[in-house]
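User: Can you walk me through this one? I'd like to start with the ligand and then move to a helix.

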Amino acid sequence: MTSHSIAIIGGTGAEGLGLGLCWARAGETVIIGSRDLQRAKDSAEKIKQKAGAAARVSGEENVAACAFADRIVLTIPFENHAAILKQIRPAIRPGSIVIDATVPLAASIGGRATRTLGLWEGSVAQQTAEILGKEISVVSAFHNVSSELLKADDPIDCDVIVCGDNADANLEVRRLAAKIPGVRAVDGGKLENTRIVEQIAALLIGLNIRNKGHHSGIRITGLPDAAYQSEK
Ligand SMILES: NC(=O)c1ccc[n+]([C@@H]2O[C@H](COP(=O)([O-])OP(=O)(O)OC[C@H]3O[C@@H](n4cnc5c(N)ncnc54)[C@H](OP(=O)(O)O)[C@@H]3O)[C@@H](O)[C@H]2O)c1
């Protein structure tokens with residue numbers, strides 16, 4: 001493991017495992033985080049089996065995973081989001097980037113999966129930024145990419161909207177998103193725009209339910225080519 005690793009908190013779940021697989025295939029060093037060390041190791045092994053023995057993937061308990069990484073992805077259910085953040089906060093090093101993909105579905109408090117909850121901070125990622133403080137850059141991304149597509153072997157027919165208040169961190173996350181075959185990463189502007197991206201995720205769940213699908217996604221069309229490029 002190097003300090004230039006990606007830790008995925010909740011990496012044993014559908015979305016985290018899918019992202020981990022894509023980045024392991026792209027040659028990134030991935031640490032699968034879990035509340036349970038053995039579950040983390042088992043998931044890392046699953047990724048290795050699909051990505052190949054040369055893949056740099058390991059499993060760690062969530063707090064340890066953060067200590068080894070400079071990019072930390074949150075793919076955890078909203079109901080446990082704040083509690084896990086408070087647990088891992090001391091292990092996150094200043095200067096790290098935290099990438100939040102959590103959607104505040106109303107289902108997390110017994111409501112519908114086709115609606116989001118209204119949060120005082122505006123969005124989950126803004127709540128994350130408040131909890132973590134100014135030394136950590138919080139960027140939101142991947143809300144609209146289905147785990148089914150991430151775990152499959154084909155290029156993904158979906159764009160990723162990346163929102164964040166730190167331009168360099170936003171660019172780094174766009175670069176990571178663009179490592180997923182088929183994905184184009186688009187700068188969605190300030191972190192406050194995450195609220196809109198979260199709502200698109202709930203809309204996509206509704207589209208899946210109404211049409212008996214599993215992996216609707218989005219494409220942003222009509223922008224100049226430069227808008228889809230993730231390098232400076
Ligand atoms: N699935 C998708 O297609 C998709 C797409 C975009 C965004 N997202 C978002 O990504 C997040 C994770 O979604 P998911 O579908 O990957 O969920 P999931 O399959 O249920 O996995 C979530 C992971 O979070 C950890 N976790 C921590 N606290 C938990 C709790 N109280 N209950 C259950 N699991 C808990 C679990 O790992 P350990 O038990 O190993 O700690 C679990 O494997 C959600 O916020 C979701 O809205 C999902």
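Analyst: First, a term. A polar contact is a pair of N or O atoms within 3.5 Å; within protein, one must be able to donate a hydrogen and the other to accept it, and residues adjacent in sequence count only if both atoms are side-chain atoms. Also, this is a predicted model: local features need pLDDT of at least 70, side-chain atom pairs count only at pLDDT 80 or more, and totals for chains, interfaces and linings use all residues. Residues are numbered from 1 along each chain as its sequence is written, and side-chain values use heavy atoms, with hydrogens and water left out.

User: OK. How far is the side chain of S34 from an oxygen atom of the ligand?

Analyst: An N or O atom in the S34 side chain is 2.5 Å from a ligand oxygen. The backbone takes part too. A backbone N or O atom of A14 lies 3.0 Å from an oxygen atom of the ligand. For a polar backbone atom of V103, the distance to a ligand oxygen is 3.3 Å.

User: And how much of the ligand does the protein cover?

Analyst: The protein covers 74% of the ligand's accessible area, which is 870 Å² for the ligand on its own. Those areas come from the Shrake-Rupley method with a 1.4 Å probe; for residues, only the protein chains shown count as cover.

User: Which residues come nearest to the ligand?

Analyst: T12, S34, R35, I76 and N80, out of 21 residues around the ligand. Being near here takes a heavy atom within 4 Å.

User: Back to S34. Is it buried or exposed?

Analyst: S34 is buried, at 3% relative accessible area. Buried means under 20%, exposed over 50%, and partly exposed in between (1.4 Å probe, protein chains only). S34 lies in strand β2, residues 30–34. Helices (H or I, at least four residues) and strands (E, at least two) are DSSP runs, numbered from the N terminus.

User: What else does S34 touch?

Analyst: Not counting residues up to four places away in sequence, S34 touches T12, R39, A40, E60, E61 and N62. Contact means heavy atoms within 4.5 Å. The S34 side chain also reaches the backbone nitrogen of D36, at 2.9 Å.

User: New topic: α5. Why is it called largely enclosed?

Analyst: Because seven of its nine residues are buried. They are V124, A125, Q126, Q127, T128, I131 and L132.

User: What covers them?

Analyst: The cover includes strands β4 (69–74), β5 (97–100) and β6 (137–140). It also includes helices α4 (81–88) and α8 (194–211).

User: What sits on either side of the helix?

Analyst: S123 is in the loop between β5 and α5. S123 is buried, at 0% relative accessible area. Its contacts, neighbours within four places aside, are L191, T194, R195 and E198. Just after α5, G133 takes a positive phi of about 85°.
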